[in-house]
Amino acid sequence: IRVFESPKDAGIYVATLMEQVILHVERPVLGLATGSTVIPCYQAFRSLADCGLDLSRTVTINLDEYVGLSADHAQSYHYFMRENLFQHLPTKPEESHVPNGVAANLEEECKRYDALIQSHPIDLQLLGIGVNGHIGFNEPSHSLLSRTHVVSLSEETIQSNARFFDTVKNVPHQAVTMGVQAILQAKQIVLVAFGKNKAKAVAESVSGSVQTNVPASMLQLHRDVTWVLDKESASLLP
Ligand code: F6R
């Protein structure tokens with residue numbers, strides 16, 4: 001667990017963790033996330049890329065996408081990745097993947113995505129955490145799915161993500177998300193959380209019991225997880 005003074009400092013640390021993988025793995029695969037938390041990470045990573053970090057052998061695989069939003073929709077995660085990362089990189093990754101939320105057959109799309117993850121084992125998975133403890137869009141539930149699947153977003157997540165949309169009515173109610181198996185199969189996991197509203201989810205996930213009602217608590221089962229926090233998100237840790 002690393003606690004930083006500011007999201008900016010934390011972002012620099014995360015970017016260097018990503019850089020280490022790119023420098024030391026022959027064909028690095030980065031699992032990427034979206035959302036406000038990862039923005040300082042991507043800003044710092046862009047600075048590293050500007051200073052000569054070569055991404056031409058790197059593959060990126062994103063966690064999730066809203067159902068019904070095409071890649072050119074300003075709130076889609078395709079768009080987020082382009083705006084916040086890809087378009088700023090001097091050398092583009094060899095491949096970049098985000099689930100297709102407008103696939104005609106979403107079940108097939110989930111299968112395609114699982115096959116992609118199996119053939120590109122993830123070296124480092126970057127995660128944010130929902131206020132309810134979700135990772136990817138694996139929402140709290142009495143059970144969790146291991147494979148990529150279509151999920152109905154919880155009311156809490158819809159409300160929380162409404163800040164990115166004109167009105168809460170425009171927030172999609174479904175998403176395609178990697179399952180917990182794909183996340184836990186990553187060799188290394190870096191979970192980033194900032195702000196007081198994440199403190200409860202962080203504390204429950206790090207030091208509570210492992211339970212599907214707090215999806216991020218599953219990370220206790222993984223041997224290489226780094227929690228990158230600021231003081232507020234760390235404030236309820238024992
Ligand atoms: C996004 C994702 C989500 C977010 C989480 C936190 O790809 O998988 O789990 O990481 O909802 O979002 P922010 O950072 O906006 O608070």
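**View 1. Seven strands form an open sheet with parallel pairing, in the order E1-E10-E9-E6-E2-E3-E5.** Strand E1 (2-4) and strand E5 (95-97) are at the edges with a single partner strand each, so one side of each has no neighbour in the sheet. From one strand to the next the twist averages 15°. Such angles run from 0 to 180 degrees between N-to-C directions, with axes fitted as lines to C-alpha atoms. Two strands count as paired if DSSP finds at least two bridges between them. Strands (E, at least two residues) and helices (H or I, at least four) are DSSP runs numbered from the N terminus.

The model is predicted: local features need pLDDT of at least 70, side-chain atom pairs count only at pLDDT 80 or more, and totals for chains, interfaces and linings use all residues. Residues are numbered from 1 along each chain as its sequence is written. The protein chain averages a pLDDT (the predictor's confidence in each residue, from 0 to 100) of 97, and 100% of the residues score at least 70. The model has an ipTM of 0.99 and a pTM of 0.97.

**View 2. Strand E3 (residues 59-62) is covered on both faces.** Val59 and Ile61 on one side are buried, as are Thr60 and Asn62 on the other. Buried means that 20 or more other C-beta atoms lie within 10 Å of the residue's own, exposed means 12 or fewer, and partly exposed is in between; the C-beta atoms are placed from the backbone. In a regular strand the side chains alternate between the two faces of the sheet. Strand E2 (residues 29-32) pairs with E3 in the parallel sense over four bridges, and valine 29 has valine 59 in E3 as its bridge partner. Between E2 and E3 the chain passes through helix H2 (residues 39-50), and this β-α-β crossover is right-handed. Right-handed means that, with the strands pointing away from the viewer, the path from the first strand over the helix to the second runs clockwise. E3 also pairs with E5, in the parallel sense, over three bridges. Across from valine 59 is glutamate 95 in E5, and across from isoleucine 61 is histidine 97 in E5.

**View 3. Strand E9 (residues 188-193) is largely enclosed by the rest of the structure, because five of its six residues are buried.** Strand E6 (residues 124-127) runs parallel to E9 and is joined to E9 by four bridges. Leucine 124 is opposite glutamine 188 in E9. E9 and E10 are parallel and share five bridges, with valine 228 in E10 as the partner of valine 192. Together E9, H7 and E10 make a right-handed β-α-β unit.

**View 4. Glycine 208 is in the loop between helix H7 (199-207) and strand E10 (225-230).** Glycine 208 has 16 C-beta neighbours inside 10 Å and therefore counts as partly exposed. Its C-alpha atom is 33 Å from that of proline 28, 180 residues apart along the chain.

**View 5. Three strands form an open sheet in the order E4-E8-E7, with antiparallel pairing.** Strand E4 (64-66) and strand E7 (149-152) are the edge strands, each pairing on one side only. Neighbouring strands of this sheet are turned by 25° against each other on average, direction ignored. E4 and strand E8 (residues 174-177) run antiparallel and are joined by three bridges. Aspartate 64 is opposite threonine 177 in E8.
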